[in-house]
Amino acid sequence: MIRETTVALPVPGPEDLAIDALPREVAVHDAHMATVPGMGLIEVGGAAPDTPLALPLTVGAWNLERCLFPEASAAHAGDCDLLLLSEMDHGMARTKQRNTTAVMAAERGMAYAYAVEFLELGLGSPIERQFCDDAHNALGYHGNGLLARGVLHAPFALRLWGRRQWFFDDEQPRLGERIAVGARIETAEGPFLAVSTHLESACGPAHREAQVAGLITALDAAFPDLPVLIGGDLNTGNHAGGDWRAEGLFDVARAAGYSVHGGPEDQTTTRPSLITRWPERAMKLDWFLARGLRLGPVEIRSSLGPDGTPLSDHDLIVTRIEGLAGR
């Protein structure tokens, strides 16, 4: 589990990015990643009052697909006290080299924690290159963010189980693995753990089931007896014909005492965007898993901005934590 924090992730050096000659093996990948400082740190920043949050509080989970529009995205989620974000760029040419998580936190007056899922070694897909003004990435980081209107206590990150698929990808080579980033949130009724995660898309359900099982086991060991809210893009239905019901991860979560919340069963959470331009792709990917918390209904909020611009290929899912169980 990653625990060390920094106020600014380091700039990767040429030696960090030099992977072309490396054998495409998991052990080689992991040995190299261990030498890249930014892959073992959590960036923390922003500002929020150091007082317990009042319940109920509003929570949003959103895959922002690189976060092309951080200011508009922050406004779109303006009622949220807690945001669990994935696919957030930090120093990528396609998003104007911005720290998109920090921008959103500043817009909303929130604290943030950010962990690197992937160090991207290129500019992205051919479509993403159309958004680039530069021919290089200032940092090349892509990952998950957690934002709150209160202090983020004991932030942590955890790399999920995986096969390093993106290290072997020819079009978008990356160093890293899917990740979860979390922290303890203090409320007037007591603390709970908030976790933003993003499961693998380039795999079948068994892979994601193993990721959820590993995440829950790690949280139980590190934070016993704390209520937990996990939220994000669980990529349910990928390589399963779009059938989210085929995912064993829900059984794993329920067996560990978690309830599952995804809004109306017949309502998908994806849409065409400026990057993902396929209208036939409609899937239900985004969920909350909760234990020891009482949640209200889940709203699936369109990610179309006021002018009709899609802010992401995912809609924002929003719920309210009404209270801690037994309180």
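The structure is a predicted model, in which local features need pLDDT of at least 70, side-chain atom pairs count only at pLDDT 80 or more, and totals for chains, interfaces and linings use all residues. Residues are numbered from 1 along each chain as its sequence is written, and side-chain values use heavy atoms, with hydrogens and water left out. Across the whole structure, a search finds 21 salt bridges, a salt bridge being a side-chain nitrogen of Lys or Arg within 4 Å of a carboxyl oxygen of Asp or Glu.

- Arg174 and Glu120 form a salt bridge through their side chains, with an N to O distance of 3.9 Å.
- Because Arg174 belongs to strand E8 (residues 174-176) and Glu120 to strand E5 (residues 111-120), the pair ties together parts that are 54 residues apart in sequence; helices (H or I, at least four residues) and strands (E, at least two) are DSSP runs, numbered from the N terminus.
- Both Arg174 and Glu120 are buried, where buried means under 20% relative accessible area, exposed over 50% and partly exposed in between (1.4 Å probe, protein chains only).
- A network of salt bridges links Arg66, Glu87, Asp89, Arg94, Glu120, Glu128 and Arg174.

**Salt bridges between loops**

- In the salt bridge of Glu200 with Arg178, the closest N and O atoms are 3.0 Å apart.
- This pair links distant parts of the chain, 22 residues apart: Glu200 is in the loop between strand E10 (190-198) and helix H6 (205-222), and Arg178 is in the loop between E8 and strand E9 (179-187).
- Glu200 and Arg178 are both buried.
- Asp315 and Arg271 also form a salt bridge, their closest N and O atoms lying 2.7 Å apart.
- Asp315 lies in the loop between strand E15 (299-301) and strand E16 (316-324), and Arg271 in the loop between strand E12 (259-261) and strand E13 (286-291), so this pair ties together parts that are 44 residues apart in sequence.
- Asp315 and Arg271 are both buried.

**The six-stranded sheet**

- Six strands form an open sheet with mixed pairing, in the order E7-E9-E10-E11-E13-E12; two strands pair if DSSP finds at least two bridges between them.
- Strand E7 (153-159) and E12 are the edge strands, each pairing on one side only.
- On average, neighbouring strands of this sheet are turned by 20 degrees against each other, direction ignored; axes are lines fitted to C-alpha atoms, for helices over the stretch in contact, and angles run from 0 to 180 degrees between N-to-C directions.
- The pairing of strand E11 (residues 228-233) with E13 is antiparallel and spans six bridges.
- Opposite Leu229 stands Ala290 in E13.
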